[in-house]
Amino acid sequence: MRAARSTRRLVAITLAGAAATALGVAPTLGTATTAQAATGDVVWSQDFDGAVGSAPDRSVWTNETGGGGWGNNELETYTDSRSNSALDGQGNLVITAKREADGSYTSARLTTQGKYTPQYGRIEARIQIPRGQGIWPAFWMLGADLPQSGWPGSGEIDVMENVGKEPATVHGTVHGPGYSGGQGISTPYQHPQGWSFADTFHTFAVDWKPGSITWSVDGVAYRTVTPADTNGNPWVFDKPFFIVLNLAVGGNWPGYPDASTTFPQQMKVDYVRVIDNS
């Protein structure tokens, strides 16, 4: 996640034979959708089917918990409560940011760290983001060599971030050594009609290949980054990464909730997929 986000970063599936080799996927738990991957094949998918109120697949997703600002002066405390992250019984994972009775904020942050770590492919999710001043949803990735390598040496790929004060804009960013925090290589994407991205579901993706990352929204590509864009700094994206979904409240970049912000706010995730793009 973007802005003055530094210390925040410190904190399935068995693909058969050629599929794992082609995508560079570390052996992990989950559901294999194909044994021999070809371009365009879905090689891994989380569709969030399950009973209303149930947790997402624990063989794939871990809830990171705690508060303290996450390096960005955020307000929320992330919990493992089903009131903050649960399936809705309609095929969605719902991450809910709440204002509690004592005035504090809770939300959820889910990660595949140590369970599913793809390398390359089209990484995409269909998401309906929340809305409101101080609301900060994100779909992103961190290098699987955390915490050993530290951040930003691990690398970070932000597939989609939105800050509620910019309802018609999402951002795609990479962070690495020499281009992190506010100096990340970042590009905004504007809704083509100028509408709020919170109004409906949209598909956010990166096409990730050796030496290349291309961002898209609803199939429209809007930025490609290569090693030529790092100004001689290390390119740290040719290795396995894990996936993160979270919904923050407040922080240096989005600012803080105000009288216009309503709670609860929900980030709905229809699916997360990895598609062979070799």
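1. Two strands pair if DSSP finds at least two bridges between them. Strands are DSSP runs of E, at least two residues long, numbered from the N terminus. By that rule strand 5 and strand 17 (residues 265-275) run antiparallel, joined by five bridges. L93 faces V269 of strand 17.

2. This is a predicted model: local features need pLDDT of at least 70, and side-chain atom pairs count only at pLDDT 80 or more, while totals for chains, interfaces and linings use all residues. Residues are numbered from 1 along each chain, and side-chain values use heavy atoms, without hydrogens and water.

3. Strand 5 (residues 93-99) is largely enclosed by the rest of the structure, because five of its seven residues are buried (under 20% relative accessible area; exposed is over 50%, partly exposed in between; 1.4 Å probe, protein chains only).

4. Strand 4 (residues 85-87) is antiparallel to strand 5, with three bridges. L87 stands opposite L93. Five residues separate the two strands in their hairpin, where G89 has a positive phi near 80 degrees.

5. Strand 6 (residues 105-107) also pairs with strand 5, antiparallel, over two bridges. R99 has Y105 as its bridge partner. In the turn of this hairpin, G103 takes a positive phi of about 90 degrees.

6. The whole structure holds 11 salt bridges (a side-chain nitrogen of Lys or Arg within 4 Å of a carboxyl oxygen of Asp or Glu). One joins R122 to D207, with the closest N and O atoms 2.7 Å apart. R122 lies in strand 8 and D207 in strand 13, so the pair ties together parts 85 residues apart in sequence. R122 is buried at 17%; D207 is partly exposed at 22%.

Conventions:
Helices (H or I, at least four residues) and strands (E, at least two) are DSSP runs, numbered from the N terminus.
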